[in-house]
Amino acid sequence: MNVKEFFELSAGKWFSHRTSHHLAFKQSEDGKSDIVIEILAADHPEVIKLCQQYEIEPDTASCGARVTWNGTMEWDEEKHEGSTVLATVPNADNPDEGKLLREMGYAEKAPVAGSYKIGDDGALTLITEYETMWSEERLWFASPNLRMRVSVLKRFGGFSMASFTSEIRMGSTDASRMATEAANTATS
């Protein structure tokens with residue numbers, strides 16, 4: 001699986017349940033979200049704009065996505081909602097690795113570029129260095145309609161958080177049908 005196929009299999013609406021462990025405070029917190037992932041072609045105007053923002057040739061992008069979320073966290077009553085555009089730019093010599101450009105970061109609300117790697121097992125690993133923190137996230141499909149995610153967030157100075165997230169696809173989509181067919185082909 002390459003990064004474009006991973007993104008295509010991720011398209012659709014997902015229910016996300018996350019448990020975060022705040023290691024410095026020795027506390028955990030649950031969160032729930034609805035996430036919508038819309039695939040954008042490499043030549044989509046928003047992908048081109050994002051590449052230009054990072055001074056990267058737009059024709060080197062393999063794909064993009066718009067991710068929208070709406071959720072809540074256990075510790076606060078505040079709604080957590082927003083959206084961002086992502087673009088993948090594979091390394092010329094190894095397309096299983098490359099840059100992941102984000103219009104808005106996950107841990108800090110500012111544009112950020114990280115790196116990605118697709119493993120032999122089809123899992124996607126994302127590493128992002130922000131101005132004041134570092135994150136590593138690993139995503140994989142347990143089945144076509146169940147995606148798992150683990151992440152570690154380290155702030156400079158020692159504060160850390162680890163989280164586990166399960167995401168269940170809500171309804172059937174072209175992406176879920178493609179994922180099911182790919183899984184069935186792999187087991188035959």
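This is a predicted model: local features need pLDDT of at least 70, side-chain atom pairs count only at pLDDT 80 or more; totals for chains, interfaces and linings use all residues.
Start with the strands. Strands of a sheet pair through backbone hydrogen bonds, and the pairing is either parallel or antiparallel. Here 10 strands close into a barrel in the order 1-2-3-4-5-6-7-8-9-10, with antiparallel pairing. From one strand to the next, the twist averages 25°.

Some of the pairs can be followed by residue. Strand 2 (residues 27–40) is joined to strand 3 (residues 63–73) by 10 bridges in the antiparallel sense, and Ser33 stands opposite Gly71 in strand 3. Further along, strand 4 (residues 79–90) pairs with strand 5 (residues 97–102) over 5 bridges, again antiparallel. A hairpin of 6 residues links strand 4 to strand 5, and Ala87 faces Leu101 of strand 5. Strand 5 also pairs with strand 6 (residues 112–118), through 6 antiparallel bridges. There, Glu97 has Lys117 in strand 6 as its bridge partner.

Helix 2 (residues 45–53) lies across strand 2, strand 3, strand 4 and strand 5, and runs at about 75° to strand 4.

Phe15 belongs to strand 1 (residues 12–22). Is Phe15 buried or partly exposed? Its relative accessible area is 31%, so Phe15 counts as partly exposed. Together with Ile168 and Met170, Phe15 forms a nonpolar surface patch with about 250 Å² of accessible area.

Notes. Residues are numbered from 1 along each chain as its sequence is written. Side-chain values use heavy atoms; hydrogens and water are left out. Patches are made of residues with over 30% relative accessible area and no salt bridge: like charges are joined within 9 Å, nonpolar side chains (Val, Leu, Ile, Met, Phe, Trp, Tyr) within 5 Å. Accessible areas come from the Shrake-Rupley method with a 1.4 Å probe; for residues, only the protein chains shown count as cover. A salt bridge is a side-chain nitrogen of Lys or Arg within 4 Å of a carboxyl oxygen of Asp or Glu. Helices (H or I, at least four residues) and strands (E, at least two) are DSSP runs, numbered from the N terminus. Buried means under 20% relative accessible area, exposed over 50%, partly exposed in between (1.4 Å probe, protein chains only). Two strands pair if DSSP finds at least two bridges between them. Axes are lines fitted to C-alpha atoms, for helices over the stretch in contact, and angles run from 0 to 180 degrees between N-to-C directions. Contact means heavy atoms within 4.5 Å.
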